[in-house]
Amino acid sequence: MQSTRLNPGLLALLLGSALLVACGDESARTQGPAADSPGKQKIVDEHEELILRALDLARAGEPVEARTLFEEAARTTPDDPRVRRGLRLQKVGPERAAAGQKAREAAEDDLFLGHDLEAWQKLVEARQLDPNDEKIESLYAASCLATRRFQEAWSLFDAIVRSDPTRTDAYLGRAESAFRAEDWTRVVAGLDDLEHRVGSGPADRLLADRHQRLRFLLGVALFKLFRYPEAIEILGKAVAAEPTNINFIEYLANAQLEGGEFEKAAENFRAAIKLDPRLRLARYKLGRAYDRLGRKEEAIKAYEDELSINPREAQVAVECGRCYEILGGTENLQAARRLLLKALELNPLSHDGLFSLQSVERKLGLKEEAEKSNERYLQFIAFKDAREAELRVYQRRRKNDPGDTEAWLATIAIKVRYSQAEEVLDIVREFLNAQPDNVEGIYHMAQLFLVMNKVEDAWFECAKMMELAPRDARGFGVGATALIRLNRHRDALPIARHALTLDETCGDALEALVSALKRLEPDGDELRALLPIYEHMLEQQRLFDEEMKRQREQEIRNDR
């Protein structure tokens, strides 16, 4: 997935335009009342005229008069994004306007220097000082995107596009916001007119420059929504325009693999590997393409090449072992068993690995081992079926009510306990797209990013949590941990100390504080006092991890 750092080219264009922004939401998908009869059409026209007059007054520097008209419009359509923006207008004196401009200019410098969080904080202040300044709104939208406030950024950009469809900068910002939130339905809905937009009207240099990037965003979203033929078509156009863009090639190959075009997928995976010999999982996917084509020896070679680069990928070992089993013969079966045992060491809950292992052991005549593996497999299947039934109940609840926080958190708890980090991340992202300010969801996201070594993303999530829940030590503790891993020990020190004033048992904060003190004050009394407490905490954590492992194994046996 793409880095969450805002693309410098997109950032520059967002900073260079004054955006008239409104904070809309998904429930406000239309502007004005519906027009399904002549009478209602007249109401729509009058409403639109009222808003246009208000906008003209705002642009003419008459915020009070403009707000009066927006208040009148709000009686008809309070959720219209232009109306919401208009209701924020107020008379601003020259001193406040000057202070807002100063804060805005400082934030602009921060954004260009990559100090994204500092810029966002300055823009919050600037918006309070001068809510009428359109450039502040433009920068604020950009800073929301840069600091992982994707849902808010999307709302801002979406409101602009619906108010003025010619605003290419907002069109780009909206697409990037939805993409980075992995809200695939919104990406597709927002870019469904992309080719028409590019091909109609006078040439738009900005849109032309970003055309292939937007095709890529749309193609990935279509792929994630299992719309493989459409994804192949749009990604194919992007690759034709930029034939050495490795991201474009890789996702085209992914779509071709899942869409059944195995020969073409293999060709494109080979091209991607040639451009980047260490591209993660490219050889695994190449092996899958060969596997689907029945070319087992070539599949094994690709799988083994992947394992030589990423030896801890359990599923690669399972697939490679399965190919050896299909080839048959004692030597191949022994190789299959070695691979499958390795896979199960890496992931004891791999049902594919358990199934293949008992089959291979039978073929090798290892009757006793096969019976034990089969027992483990049957235990796991019963356990897996019970968990999936539980997850289906929560899934129905979430579908019926996206605001059912209990169902979301119960699903996440199950995933955290029994799934890989990437799978947990998917459901947490889905949760936060439904409830962007849920502190538990943000906390889970921050922890997952740390596990996946996406440390800067973790820090941005912690910054949101500290803002939303200033009395919750966890956000400060994980935030301090992220800063330590970013080698910002001096910044971590006060945050870790503050977390411990909120909760003296916060393990993340204690660990971060010890790390910071070892670097900054290695001979200090504070570190000497903390070390015995820290060592005791590490021992308690070790015992806890062992108990959790024992409980998982017991649960699998009990479900059997």
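Begin by selecting F179, W184, F216, F223, F226, Y228, F248 and Y251, which ring pairs link into a cluster. A pair here means two rings of Phe, Tyr or Trp (its six-membered ring) with centres within 6.5 Å, where planes under 30 degrees apart count as stacked, over 60 as edge-to-face and the rest as tilted. The structure holds 10 aromatic pairs.

Select F216 and Y251 next: they form an edge-to-face pair at 5.7 Å centre to centre, with 75 degrees between the planes. This pair links distant parts of the chain, since F216 lies in helix α12 (residues 205–224) and Y251 in helix α14 (residues 246–258), 35 residues apart; helices are DSSP runs (H or I, at least four residues), numbered from the N terminus. F216 counts as buried because its relative accessibility is 0%, and Y251 is likewise buried, at 11%; buried means under 20% relative accessible area, exposed over 50% and partly exposed in between (1.4 Å probe, protein chains only).

Move on to F226 and Y228, an edge-to-face pair at 6.4 Å centre to centre and 85 degrees between the planes. Here F226 is exposed, with a relative accessible area of 62%, whereas Y228 counts as buried at 17%.

Two arginines complete the tour. The charged end of R186 sits over the ring of W154, 3.5 Å from its centre, and R398 lies over the face of W408, 4.8 Å from the ring centre; the criterion is NZ of Lys or CZ of Arg within 6 Å of the ring centre and within 35 degrees of the ring normal.

The model is predicted, so local features need pLDDT of at least 70 and side-chain atom pairs count only at pLDDT 80 or more, while totals for chains, interfaces and linings use all residues. Residues are numbered from 1 along each chain as its sequence is written, and side-chain values use heavy atoms, with hydrogens and water left out.

Terms used:
Helices (H or I, at least four residues) and strands (E, at least two) are DSSP runs, numbered from the N terminus.
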